[in-house]
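Here is a short tour to read alongside the coordinates.

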Amino acid sequence: MTAGAPLQVRVRDIVELAPSLKRFSFEPAHGGLFPTPPAGGHVMLTLRDGARVMKNAYSLVSPPMERARYDIIVRLVAQSRGGSDFLHRKVAPGDVLEMARPVSLFPLASSAKKHLLIGGGIGITPLLSFLPEMKARGARFELHQLATGEEVPVFERLLAPYATGEEIRVHGGGRAAFDLAGLLSRQPLGTHVYVCGPHALMDAVTGTAAALGWPRGKIHKESFGGATGGLPFRAVLRRSGIEVEVGETQTLLEAIEAAGVAAPCLCRGGACGECVTPVIEGEVDHRDDFLSAEEKAGGKVVMTCVSRARGPRLVLDL
Amino acid sequence: MTVQFKPAETFRDTFTYRKSPEDILRFPFPFPEDEYMYSVNIEPHVRGGPTAAFQAAFDIDEHYIAECRERERVLKEDPKRCQVLPHMMAAEWDSLELIMESLAQDYPEHFSLTKAGDLWTWVNRPLNIHQSFTFGKAETLPCGPFEYITRQAQGDFTLQDQRDDNLFVDGGMVTTQADWSLEFDIGMSFHEWHGPVPLAHEKGVFDRALKYLLRLQCGQPVRRLNWTMTVNPRLDTSPENYPVWGPDKASVTPDNVAEKVHLRVELQTLYRLPRSNAILFGIRCYLTSVADIARVPKWRRRLHRVLRDLHPDIAAYKGLPRFRQTVLDYLAPLDDGEPTSKGIAPDTDVLAG
C-alpha cells in the first residue's frame, strides 16, 4: 500500500493531565479540515531532534466527527526511545510537525451485539475515540479502565463526558483485584472484547477469553508500546549492498531508514504486515502480531518494524 | 470544459444513448497490452491518469442525468436492487459523507455541501435537489443515507464489512451490473461472491487481492478496470432481467455489429471508510460501441488482438461466444498489424471517421 502524502500539523495546545501525561492537540498547518479519522485509528509523528529523526505512533483520542483537530495523549516513559521525552520537553504550541495520515488497525466490529472495552493505563487512548462512535451508533457497551491509584481521578475525568450509567468503571485496585474471568463470563452472546494496554494485560484478556470459549474473531487487541529494544546487532542489506548497525533502543526499520534505504512500512507496530522482508541468513527474534506461528518458526521473513536479530547478525534481501 | 448533459437518452427499448467525441476519448479503455489475463491489477486511485475518466474521485460525465433516471426506473420495478444489512448503518453515513464531499470538491458547478455542525445542506443542481438533513439521523432523509446518495451517483456501489479476516458484501446499490445479482450475493464472503470467475482462483488472484484489501487504509483508495461486452447500450444486464436482454445476443449481424456491440468497462474503486471500517466498492460502468472504439486506431488494433487471443474460458464466462466472431470479422480488416504503445491512453485527441 502506498502511503498518502503526510499531513503538516501545528500544535494547537498542550494540556498536562497528570505529571507524566500530556494531551497534544493538532490542527492542519495550512488551514482547512483534517480527513475524517477512523475510530480506533492512530497516527505516526515524525519527530526531529537535531540530527535524530524519530517516528512514533500514537492513538487518536478524538472521534471521527472531529475534523478541526486531532488529539493524542502521550505518557512520558522512563525507558523512552526518545519520542515521548521529546514531545513532553521540547514541543511547544505553534510548532509544526509531520504526521502520517491516520491508520486503522483496531476498528469497532459492525456486527457486535455489545462492545466490552478494557484499557490499562495509557491504553485508554483508542477507547476514548470509540466512545463517541459507539454513542452515535446507539451501541451497547461496557468499559473498564485499569489505573494506578493516583491516576484514577485522571482517567475518571477523561471518561466523565461519556459516563451516563454503570457502563464505565475505573479500577484502581490493581489487576489482581479485577475479576477478569467473571467479567468475560457474564457477557451476552455476540459481545466483542477490545483490549489496549501493557502486554501482560492484553495477554491476560485474550488468554482468558479464549479459555472461556470466545471465538477468535470477537477478541481484539491493539499492539501498544511493544517494541522495547534489545541487544545491538548488525543488519546486512544484500541488495542495497550496505550494512547498518541497529542500536539498543532503535528498531531495525529505523536503522534501515537512517541509512537512506526506502523500506516498506505502514503501522510500525507489528500488526499490518507491510514491512515483511525476506531473511537470507541469521536467526530472528519475532515480536510481531502478524506472522503465523509456522512463518515465525520458518525464520524466512522478518517484520522490520518490531522484530530483531537473535544474534549478532541478520542478512536481509533488501 | 462544462459537460453538456443529455437527460433524455435511454438505456433500454429505444436505446438513444450516444457518445460525443469528447466522451469517446475519455473512455477508460481496459487493455494496457495486446493480450488479456486475470491479475491483481489494483493501483492507487490518484487523480490524473491516462484519460479524463480518472480526474475525479467519482466520475461524472454527459450521461449523468439519464443514468440517474434509469436507476430510478430500475428501483421502481425492483426495489431489492438496493439493500443494506442493518449492521452497516455507520458505513451508510461514511458513504454519504465521502460521495457528497468528493462530488462537491470535484464538481463545484454542479454540487455543493454546506455544514452547520450536524446540520448539512446538499445541493445537486443537475437533478434539481436541495436537501437539508441532520448527519447521523436517517429519519431526516427521504430514504436511507446509502440509497439517498447512490441514487445521485453514476455506477453501482457495494459495501463490504470486514470481519474474521475476510470481506462480506453486506450492502449495495446495483442497477447497472454485468450479470450478477445483489439479492443472490448479499452476505457472501470474498471468495464466495467471486466463486464463478474462471482461472483466477487457481492463480491465487483472490487470495492476494483479499490480503491487499484487508490492509486498505483510509484516504488511500485503490482502483482497477474490469470489462465485458454487452449487446445494445443497456445498463441493467441483471440475472433478474435475463429474459429481457439475453435474446439480444442472437440479434448481432455483420451489418449491425459495430453499433450494437459495446465494450463494457467497469472503473472499480475501493475506499476504506473511517467510522465503520467498511470498504465502499464503486463499480462505475462505461459503454462504448465497437464503432466508436474503431475511431481510435490504437484501441481498435488492441481490441481485435485481445478478443482474437482471449482464453476460451474467459470468453465463455463473459458471455461472448455468440457474437465474438462477428466482432472479430469487423475488426480484423481495421487492424493493420502496427505495434501499439503500452497503457490504455488513446494516443490521439482526434477521432478517425
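## Chain A as a whole

Among contacts in chain A between residues at least 6 apart in sequence, what percentage join residues at least 24 apart? In this predicted model, the share is 68%. Chain A contains seven helices and 18 strands.

Its C-alpha atoms occupy a box of roughly 60 × 50 × 35 Å along the principal axes. The radius of gyration of chain A is 20 Å, which agrees with a compact globule, because a globule of 318 residues would be near 20 Å.

## Surface and charge

Of the 318 residues in chain A, 51% count as buried. The accessible surface of this chain is about 13,700 Å², and carbon and sulfur atoms account for 52% of that surface.

As for charge, chain A carries 36 positive and 33 negative side chains. The centres of these two sets are 3 Å apart.

## Helix 1 of chain A

Let's zoom in on helix 1 of chain A, which spans residues 83–90. Its buried residues are A:Gly83, A:Ser84, A:Phe86, A:Leu87 and A:His88. Strands are part of the cover over these buried residues: it includes strand 2 (21–28), strand 3 (42–49), strand 4 (52–59), strand 5 (70–75) and strand 6 (96–99) of chain A.

Is A:Val284 buried or exposed? Its relative accessibility is 8%, so A:Val284 counts as buried. This valine belongs to strand 15 (residues 284–285) of chain A.

Leaving out residues up to four places away in sequence, A:Val284 touches A:Val279, A:Val301, A:Val302, A:Ser307, A:Arg308, A:Arg310 and A:Leu314. Another residue to look at is A:Lys296, twelve residues from A:Val284 in sequence, with 8.2 Å between their C-alpha atoms.

In soluble globular proteins, nonpolar side chains tend to be buried together. The largest nonpolar core here has 62 residues, and those touching the most other members are B:Phe29, B:Trp227, B:Met229, B:Leu263, B:Leu307 and B:Val327. Helix 7 (residues 205–214) of chain B gives the most to this core, contributing seven residues. Apart from this core lies another, of 39 residues, including B:Ile99, B:Met100, B:Tyr148 and B:Leu159.

With residues up to four places away in sequence not counted, its contacts include the aromatic residues B:Phe27, B:Phe29, B:Phe31, B:Trp227 and B:Tyr286. B:Leu263 also touches B:Pro30, B:Thr228, B:Met229, B:Leu287, B:Thr288, B:Ile293 and B:Leu303.

Key
Residues numbered from 1 in each chain as written. Chains lettered and ligands numbered in written order. Predicted model: local features only at pLDDT ≥ 70, side-chain atom pairs only at ≥ 80, totals over all residues. Heavy atoms only, no water. Core = buried A, V, L, I, M, F, W, Y, C linked by side-chain atoms within 4.5 Å. Buried < 20%, exposed > 50% of the residue type's maximum accessible area, 1.4 Å probe, protein only. Helix = DSSP H or I, 4+ residues; strand = E, 2+ residues; numbered from the N terminus. Contact = heavy atoms within 4.5 Å. Rg over C-alpha atoms; globule rule 2.2 N^0.38 Å. Areas by Shrake-Rupley, 256 points an atom, 1.4 Å probe, with all protein chains shown as cover. Lys, Arg positive; Asp, Glu negative; His and termini not counted. Charge placed at Lys NZ, Arg CZ, Asp CG, Glu CD.
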